Structure formats: C-alpha cells, structure tokens
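Welcome, and please open the model in your viewer. We will go from one selection to the next, with a short note on what is there at each stop.

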Amino acid sequence: MSDKRKKLPTRRLSEVRKVALGEGRNIFITVGYDPKAPTEPKEVFYDSGFREGAELQFIATDICIMVSVCLQAGYTPEKIAKSLSKVTHDRPGGEEIDHGSMVGVIVAQLAIPPLWDQEAEE
C-alpha cells in the first residue's frame with residue numbers, strides 16, 4: 001500500500017481555535033493550511049484543554065492525527081463529517097442535530113473558514 005498523503009511545506013499558515021465540547025468544557029486546536037491553498041485545512045493538532053496525561057488528552061491528540069491523515073489524503077472536512085454519527089434532538093421549532101462525539105466537533109471546526117478568509121469577505 002502506498003502512502004498517498006500530500007507532503008506539506010515546512011512553513012505553513014495556522015490558526016488556533018477554541019472549541020466548545022459542551023457542558024462548559026473547551027479545548028484548543030491548531031488548524032494548519034497549505035500556503036498554496038490558504039483556505040483548505042490540511043492538518044489539525046490538539047493543543048490543550050484536558051489534564052496533562054489524561055486519557056482524553058491522548059484521545060483528542062489521536063483524533064487530530066487521524067483527521068490530518070484524511071485531509072492530506074484528499075478528503076475534505078465535509079466528506080469526513082458526512083461519515084460521522086449525528087445526534088438528533090427534538091427542540092421547540094424543529095429538530096436540532098449535534099455531533100455524536102468529539103470527532104464531529106473537531107471536524108466541524110475545519111469547515112469554518114480561517115479568520116483571514118472571513119475578514120476578506122467583509
């Protein structure tokens with residue numbers, strides 16, 4: 001089996017994001033972009049939010065590694081998200097869909113344009 005991951009340049013654009021996981025818990029991730037495609041995420045790293053050495057820290061780190069491998073193999077955040085579980089809640093005024101796990105929450109962040117692209121739109 002060949003490795004089809006796209007090799008990224010040594011110097012890359014990146015953006016740190018605060019991600020709400022619910023129940024008052026937040027984590028921080030860094031989203032990396034290829035300078036040749038500055039609006040397409042190509043990697044994600046877990047930064048902080050869980051106790052150092054805790055199992056959740058290792059799970060978040062592994063999630064980010066797996067998602068980065070998918071991104072570098074050519075999958076978009078939308079393609080990845082489409083395959084993940086969702087939780088539907090009955091809410092007044094209609095149903096609401098949430099992500100089924102921390103994986104979905106992290107992948108959803110990748111679909112949000114980087115700050116430098118949002119500023120260009122205004």
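Start by selecting S68, which sits in helix α1, residues 55-72. Helices here are DSSP runs of H or I with at least four residues, strands are runs of E with at least two, and both are numbered from the N terminus. Before you move on, note that this is a predicted model: local features need pLDDT of at least 70 and side-chain atom pairs count only at pLDDT 80 or more, while totals for chains, interfaces and linings use all residues. Residues are numbered from 1 along each chain as its sequence is written, and side-chain values use heavy atoms, with hydrogens and water left out.

Is S68 buried or exposed? With 7% relative accessibility, S68 counts as buried (buried is under 20% relative accessible area, exposed over 50%, partly exposed in between, with a 1.4 Å probe and protein chains only). Now show what S68 touches: apart from neighbours within four places in sequence, its contacts are K42, E43 and V44 (contact means heavy atoms within 4.5 Å).

Next, select E43 together with R12. Their side chains form a salt bridge, 2.4 Å from N to O (a side-chain nitrogen of Lys or Arg within 4 Å of a carboxyl oxygen of Asp or Glu). E43 belongs to strand β3 (residues 37-48) and R12 to the segment before β1 (13-22), so this pair ties together parts 31 residues apart in sequence. E43 is buried at 8% relative accessibility, whereas R12 is partly exposed at 33%.

How many salt bridges does a search of the whole structure find? It finds three. For another, select K42, whose side chain meets that of E40 at 3.5 Å, N to O. K42 is buried, with a relative accessible area of 13%, while E40 is partly exposed, with 40%. Then pick R17 and E15, which pair at 2.7 Å, N to O; both are buried.

β3 gives the largest share of the lining, four residues. By type, the lining divides into ten nonpolar, three polar and three charged residues (Ala, Val, Leu, Ile, Met, Phe, Trp, Tyr, Cys and Pro count as nonpolar, Asp, Glu, Lys and Arg as charged, and the others, Gly among them, as polar).
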